Amino acid sequence: MLSVQGLATAYGAIEALHDVSLEVREGELVTIVGANGAGKSTLLKSLVGLLRPRRGRVVFRGREITGWTPDAVLREGLSLVPERRRVFGPLSVLDNLALGAYGRRRGPDAEHTLERIYRLFPILRERRAQAAGTLSGGEQQMLAIGRALMAQPRLLLLDEPSLGLAPLVVREIFRLLAALRREGTTILLVEQNARMALQVADRAYIMETGRVTREGRAAALLDDEELKAAYLGGVRPVSPPPSADG
């Protein structure tokens, strides 16, 4: 569904992405994990047109979309849930969801999508008349995901959905992402919480300083000792000291 080939993006003279390549197949949940500053968010912004790549190609469903404007990318079927949610605080939950469908025709199809979102996130139905800015952090994250789904994307991109949330809420968000994937939604997830991301993903890419350094099946990477030491809180095995007699 998505093929990224040799992508490089710069902020002025500073190159933040260095020839990044990856792919997402239809129906997969693919995660990109790495430390803060690895270039994960820059990559997503480059995919959806918020940043213009310096070189490389982005091909979506066989069509090159490199350098397209964000509105054109959205109409093509990529929908981004941004870091820190960025809901419209003064507007109601329902108005935020309606904005996610901006540009689509109103009708039974949009109503069906709204009902699906209410089924996935029952709290949004309960709070539909409430100002989005008064929701908890977890509820705002659910709203941000629901707003993106209102566009009926073929590929849903999420940027750090666990950021700033309590552990119990993080588990609920990841449970919902797993449910979306089971329903057939294709997902590209950027996440610092490597353990949670690898537990729900099919495949994963590891990024360091703007480069993809590892890739593979998520389950295999979850059991990788070097990765555990770097990202999962594991401890590298330490060789015993030499004996006194050499």
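Let's start at Ser-162, whose side chain makes a polar contact with the side chain of Glu-191, at 2.5 Å. One thing to keep in mind throughout: this is a predicted model. Where does Ser-162 sit? You'll find it in the loop between strand E7, residues 155-159, and helix H7, residues 167-182. Is Ser-162 buried or exposed? Its relative accessible area is 11%, and because the cut-off for buried is under 20%, Ser-162 counts as buried. As for its surroundings, if we set aside neighbours within four places in sequence, Ser-162 is in contact with Val-170, Phe-174, Glu-191 and Asn-193.

Now let's move to the nonpolar side of things. The largest nonpolar core holds 46 residues. Which residues have the most contacts inside it? Those are Phe-121, Ile-145 and Leu-156. Helix H7 gives this core its largest share, with 7 residues. If you'd like to zoom in on Phe-121, look for Met-142, Ile-145, Gly-146, Leu-149 and Leu-176 around it; Phe-121 touches each of these, not counting residues up to four places away in sequence. Apart from this core lies another one, made of 25 residues, including Leu-2, Val-30, Phe-60 and Ile-65.

Next, the charged residues. In general, side chains of opposite charge can pair when their charged atoms come close. How many salt bridges does the model have? The count comes to 17. Let me walk you through a few of them.

Take Glu-183 and Arg-116, which form a salt bridge with their closest N and O atoms 3.0 Å apart. This pair links distant parts of the chain, 67 residues apart: Glu-183 is in the loop between H7 and strand E8, residues 186-191, while Arg-116 belongs to helix H4, residues 108-120. Glu-183 is partly exposed, at 38% relative accessible area, and Arg-116 is partly exposed too, at 21%.

Then there's Glu-139 with Arg-127, again a salt bridge with the closest N and O atoms 3.0 Å apart. Glu-139 is in helix H6, residues 137-149, and Arg-127 is in the loop between helix H5, residues 122-126, and H6, so the pair ties together parts 12 residues apart in sequence. Which of the two is buried? Glu-139 counts as buried, at 14% relative accessibility, whereas Arg-127 is partly exposed, at 25%.

Last stop, a hairpin. Strand E9, residues 203-208, and strand E10, residues 211-217, run antiparallel and are joined by 6 bridges. Which residue stands opposite Met-207? Across from Met-207 is Val-212, in E10. What happens at the turn? There are 2 residues between the strands, and Thr-209 takes a positive phi near 45 degrees.

Note on methods. Residues are numbered from 1 along each chain as its sequence is written. This is a predicted model: local features need pLDDT of at least 70, side-chain atom pairs count only at pLDDT 80 or more; totals for chains, interfaces and linings use all residues. Side-chain values use heavy atoms; hydrogens and water are left out. Two strands pair if DSSP finds at least two bridges between them. Helices (H or I, at least four residues) and strands (E, at least two) are DSSP runs, numbered from the N terminus. Buried means under 20% relative accessible area, exposed over 50%, partly exposed in between (1.4 Å probe, protein chains only). A polar contact is a pair of N or O atoms within 3.5 Å; within protein, one must be able to donate a hydrogen and the other to accept it, and residues adjacent in sequence count only if both atoms are side-chain atoms. Contact means heavy atoms within 4.5 Å. A nonpolar core is a set of buried Ala, Val, Leu, Ile, Met, Phe, Trp, Tyr and Cys residues joined through side-chain atoms within 4.5 Å. A salt bridge is a side-chain nitrogen of Lys or Arg within 4 Å of a carboxyl oxygen of Asp or Glu.
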